[in-house]
Amino acid sequence: MLPQVEDRLFRIHRFFLQKESPVFRDMLSLPQPPGDDSTVIRELEGRSDSRPIHIPDVTILEFRTLLEMLYKPPCIYPKFSQEQWLMLMSVAHRFQVPINYAHVMKMLETSTPRLDDVAQVKLAEEYGMPMSCIRPALLSNAREEYLRKVYGATGRKYIQDLEIDGSTVVKKVFGVARI
């Protein structure tokens, strides 16, 4: 398969993209436009340099990062920079490629510079991550801060007395629409 990203052609196997991404699966299964088969055997899109499959709105580095993740065995994670982890989340989300968000968040938490709590919650919201991917301490801190705002100094007591949904607390404390 020959996808073109920006001005670069990539020679890759269709298998990984079709297996991991419904977007690519649909893209690669689209019918080819009719051609005059009686005189010339027409080239199928993505099978030659002259007819690549154009991948819009993706940078070369984003696509390489996605390919590096797809070509590695599931138990071996690439060593990415913070920028690459963020790119991976973005491009994987756009092409609906499942990734281990818990692992990505763990890598981002240990990267330099460390993402602050608000940035982590906003990432979770933007990419539709489950709340379990955000570190438990963040939820505890958010819950405590929310209860302190609502109930004043007695907030700590309410933490013990009430079970408040972590996503509700995070929404209110960090001002995000959904988690």
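Author: Start with Glu6, which sits in the loop between strand E1 (3–5) and strand E2 (8–9). Helices (H or I, at least four residues) and strands (E, at least two) are DSSP runs, numbered from the N terminus. This is a predicted model: local features need pLDDT of at least 70, side-chain atom pairs count only at pLDDT 80 or more, and totals for chains, interfaces and linings use all residues. Residues are numbered from 1 along each chain as its sequence is written, and side-chain values use heavy atoms, with hydrogens and water left out.

Reader: Where does Asp57 lie, and what is its relative accessibility?

Author: Asp57 is in the loop between strand E3 (53–54) and H3. Its phi is positive too, near 60 degrees, in a residue other than glycine. Asp57 counts as exposed, because its relative accessibility is 69%.

Reader: In what order do the elements of the protein run?

Author: The protein has nine helices and three strands. From the N terminus on, the order is β-β-α-α-β-α-α-α-α-α-α-α.

Reader: How many aromatic pairs does the whole structure hold, and how is the pair of Phe15 and Phe16 classed?

Author: A search of the whole structure finds six aromatic pairs. Rings of Phe, Tyr and Trp (its six-membered ring) pair if their centres lie within 6.5 Å; planes under 30 degrees apart count as stacked, over 60 as edge-to-face and the rest as tilted. Phe15 and Phe16 are 5.4 Å apart centre to centre, with 75 degrees between the planes, and the pair is edge-to-face.

Reader: Which residues does Ser21 contact, leaving aside neighbours within four places in sequence?

Author: Ser21 is in the loop between H1 and helix H2 (22–29). It is buried, with a relative accessible area of 1%. Contact means heavy atoms within 4.5 Å. With neighbours within four places in sequence left aside, Ser21 touches Phe95, Gln96 and Val97.

Reader: How do H4 and H5 run relative to each other?

Author: The axes of helix H4 (residues 82–94) and helix H5 (residues 101–110) come within 9 Å and cross at roughly 155 degrees. Axes are lines fitted to C-alpha atoms, for helices over the stretch in contact, and angles run from 0 to 180 degrees between N-to-C directions. Angles under 35 degrees count as roughly parallel, over 145 as roughly antiparallel, 65 to 115 as roughly perpendicular and the rest as oblique. So H4 and H5 are roughly antiparallel.

Reader: Which peptide bond is cis, and what is its omega?

Author: Pro113 is in the loop between H5 and helix H6 (117–127). The bond from Thr112 to Pro113 is cis, with omega near -5 degrees.

Notes: Buried < 20%, exposed > 50% of the residue type's maximum accessible area, 1.4 Å probe, protein only.
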